[in-house]
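Trainee: I am new to this model and would like a close look at one part of it. Please also place that part within the whole.

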Amino acid sequence: MTAPIYVLNGPNLNRLGTREPEIYGSTTLKEVEAMCRDAAGGTPVEFRQSNREYEIIDWVHEAIDRPAAGIIINPAAFTFTSIAILDALKMFPRPIIELHISNIHRREEIYHRSLVSKVATAVIAGLGPRGYGVAIKAMQELSGNS
Ligand code: CA2
């Protein structure tokens, strides 16, 4: 049985495609999920979104216990605030890709300092929603699942 790739999404991303299309594009999160499954081929994908920090932490624990092949995480605003998510990710012994739809470094100062980058194997930012498909392919290579 192939280990799944976890794709975890943080607050407000359930509303993707409904505002600020010049920054985030017009693709919905449902469409992003379909892009991930398409890119993954036979690899199972656990695609989740939550506006609650504790739920994301619980899903990282689930990925540790299962075990998952890797975690792709767009923590959204929690990127810059959540030591709790950082601590949970530290316990995950396989590849972690931090993903942002926008290039956070081209944006306001408050979006520049990621806590999650400290534990990420790789960071993808600025590719728009198609960054998710790129992340799935990269994760398959990193985890030897390709
Ligand atoms: O670019 C990204 O993927 C971000 O993680 C998105 C976060 C922002 O706080 C990060 O700095 C960068 C914000 C997500 C807002 O969710 C949206 C909801 C509706 C439409 C567009 C975005």
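Trainee: By its relative accessibility, does Arg-19 count as buried, partly exposed or exposed?

Mentor: Arg-19 counts as partly exposed, because its relative accessibility is 48%. The classes are these: buried is under 20% relative accessible area, exposed is over 50%, and partly exposed lies in between, with a 1.4 Å probe and protein chains only. This is a predicted model, in which local features need pLDDT of at least 70 and side-chain atom pairs count only at pLDDT 80 or more, while totals for chains, interfaces and linings use all residues. Residues are numbered from 1 along each chain as its sequence is written, and side-chain values use heavy atoms, with hydrogens and water left out.

Arg-19 has a partner: it forms a salt bridge with Glu-20, with 2.0 Å between the closest N and O atoms. A salt bridge here is a side-chain nitrogen of Lys or Arg within 4 Å of a carboxyl oxygen of Asp or Glu. Glu-20 is also partly exposed, at a relative accessible area of 27%.

The structure holds 7 salt bridges. Some of them join up: Glu-46, Arg-48, Glu-62 and Arg-66 are linked in a network. Arg-48 counts as buried, since its relative accessibility is 17%. Glu-46 also meets Arg-66, at 2.8 Å, N to O. That pair links distant parts of the chain, 20 residues apart: Glu-46 is in strand E2, and Arg-66 is in the loop between helix H3 (53-65) and E3. Arg-66 has a relative accessibility of 42% and so counts as partly exposed.

Now the whole chain. It has 5 helices and 5 strands, in the order β-α-α-β-α-β-α-β-β-α from the N terminus. The radius of gyration is 14 Å, close to the 15 Å that the globule rule gives for 146 residues, so the chain is as compact as a globular protein of that length. The radius is taken over C-alpha atoms, and the rule is 2.2 Å times the number of residues to the power 0.38. Helices (H or I, at least four residues) and strands (E, at least two) are DSSP runs, numbered from the N terminus. Along its principal axes, the C-alpha trace spans about 40 × 30 × 25 Å. Of the 146 residues, 48% count as buried.

Helix H5 (residues 131-142) supplies some of those buried residues: Gly-131, Tyr-132, Gly-133, Ala-135, Ile-136, Met-139 and Gln-140. Their cover includes helix H2 (29-40) and the strands E1 (5-9), E2 (45-49), E3 (70-74), E4 (96-100) and E5 (122-125). An α-helix has 3.6 residues a turn, so residues three or four places apart point the same way. At 1.5 Å a residue, the 12 residues of H5 should span 16 Å, and the end C-alpha atoms are 16 Å apart, which agrees. The expected span is 1.5 Å times one less than the number of residues. Just after H5, Gly-144 takes a positive phi of about 65 degrees.

Lys-118 sits in the loop between E4 and E5, and counts as exposed because its relative accessibility is 69%. Its C-alpha atom is 8.1 Å from that of Leu-86, 32 residues apart along the chain.

Conventions:
Contact = heavy atoms within 4.5 Å.
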